[in-house]
Amino acid sequence: MTITQLALRQRSLLGLRELGREEITSILDRAAYWENHPSKVHGVLQGKFAANMFFENSTRTRFSFEVAEKRLGAEVLNFSAAVSSVQKGESIYDTVRTLESMGIDVGIIRLKPIGVLADLATKIKVPLINAGDGNNEHPTQALLDLYTMRGHFGSLEGLTVTIVGDVLHSRVARSNLYALRKFGVNVRFCAPSNMQAPDLDVKYVSMEEAIQSDVVMMLRVQLERHESGMLSSAEEYREHYGMTLERLKRMASHAIVMHPAPINRNVEIDDEVVEHPQSRIFPQMANGVPVRMAVIERALS
Ligand code: CP
């Protein structure tokens with residue numbers, strides 16, 4: 001790898017598996033700086049062009065990247081696959097290469113097929129930020145999750161975090177696992193046998209053990225990624241793996257419930273839990289903006 005390729009690689013954010021604890025801490029600290037400087041627009045990225053390239057649907061990630069880019073003073077280009085030449089058969093590579101040739105300075109990219117992002121990163125000469133890569137990684141989601149936990153507990157060291165639900169299809173679970181372990185967090189999973197991830201070396205616990213954790217991170221049942229028959233019924237799933245109000249009431253008073261959203265209300269999480277004082281779901285979304293400001297600034301610095 002040449003020095004130029006290495007520098008590009010260091011400004012990109014493809015995943016947290018390869019990112020060191022110090023680098024993650026530096027992003028979280030910079031996010032705290034931006035949270036404490038709430039004035040709407042800063043001109044630090046004036047004259048820079050950021051392209052949000054979403055080949056898969058998104059609400060939170062897409063809009064919080066756009067808010068982050070605008071707050072940093074960047075020019076924002078929004079690409080949506082549904083109204084693009086992808087519909088005429090244009091490939092992901094040709095689409096990204098097209099935007100690169102027009103002079104973008106950073107590409108934020110969400111993809112469904114696994115392996116494409118890593119390949120693109122070897123060919124495209126602007127930094128790329130992973131905004132959700134199949135069931136591989138979702139690094140900015142995990143960064144905002146770590147930021148939320150650090151904000152609540154003061155430190156990550158020694159926490160027990162149990163990630164509950166459809167871990168097999170979850171890029172959020174993977175990125176959180178890789179990052180949290182670097183900070184000495186005891187990460188456990190809780191999932192039905194057909195939603196467990198055999199490639200990950202993690203201890204599985206029961207729902208009764210899960211609610212003894214400092215953080216219970218609920219995952220969305222990703223019906224769009226399921227083969228038929230994976231979910232027998234929503235009621236049965238809720239009974240065995242749902243964060244019901246009754247389960248929440250048995251958690252410690254210092255403990256919190258998280259969820260990356262979107263949520264399936266009354267399947268993996270009860271209505272009454274979503275905005276309960278021990279839920280951090282909407283604060284997680286708010287934290288997405290300063291965290292993504294820090295990630296974009298790092299890419300363009
Ligand atoms: N958490 C998350 O990635 O949400 P979106 O799919 O709405 O971006």
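The model is predicted: local features need pLDDT of at least 70, side-chain atom pairs count only at pLDDT 80 or more, and totals for chains, interfaces and linings use all residues. Residues are numbered from 1 along each chain as its sequence is written, and side-chain values use heavy atoms, with hydrogens and water left out.

Start with the division of the chain. Domain 1 covers 3-139 + 286-300, and domain 2 covers 140-280. These bounds come from an automatic or database domain assignment. The two centres, taken over C-alpha atoms, are 25 Å apart. Domain 1 brings 36 residues to the contact and domain 2 brings 25 residues. Contact means heavy atoms within 4.5 Å.

Now the interface area. The size of an interface is often given as the accessible area lost when the parts come together. Between domain 1 and domain 2 about 2,500 Å² is buried, and carbon and sulfur atoms give 56% of it. Buried area is the accessible area (1.4 Å probe) that two parts lose on being put together, summed over both. Arg21, Leu28 and His138 supply 25% of the area that domain 1 buries against domain 2, more than any other three residues.

Next, charge pairs. Three salt bridges are counted between domain 1 and domain 2. The term requires a side-chain nitrogen of Lys or Arg within 4 Å of a carboxyl oxygen of Asp or Glu. Glu56 pairs with Arg171 in a salt bridge, with the closest N and O atoms 2.9 Å apart.

Which elements give two or more residues to the side of domain 1 that touches domain 2? They are α2 (21-35), α3 (60-71), β3 (106-111), β4 (128-133) and α12 (281-300). Helices (H or I, at least four residues) and strands (E, at least two) are DSSP runs, numbered from the N terminus. Helix α2 gives the largest share, nine residues.

By the salt-bridge rule, the count comes to 14. In one of them, Arg298 meets Glu23 at 2.6 Å, N to O. Arg298 lies in helix α12 and Glu23 in helix α2, so the pair ties together parts 275 residues apart in sequence.

Turn to the ligand. Around it are Ser58, Thr59, Arg60, Thr61, Arg110, His138, Gln141, Pro260, Ala261 and Pro262, each with a heavy atom within 4 Å. The side chain of Thr61 has an N or O atom 2.6 Å from a ligand oxygen atom. For the side chain of His138, the distance from an N or O atom to a ligand oxygen atom is 2.9 Å. A backbone N or O atom of Ala261 lies 2.8 Å from a ligand nitrogen atom.

Ala261 is in the loop between β9 and α11. Its phi is near 65°, a positive value in a residue other than glycine. The peptide bond from Ala261 to Pro262 is cis, with omega near 5°. Most residues other than glycine have a negative phi, and most peptide bonds are trans.

Conventions:
A polar contact is a pair of N or O atoms within 3.5 Å; within protein, one must be able to donate a hydrogen and the other to accept it, and residues adjacent in sequence count only if both atoms are side-chain atoms.
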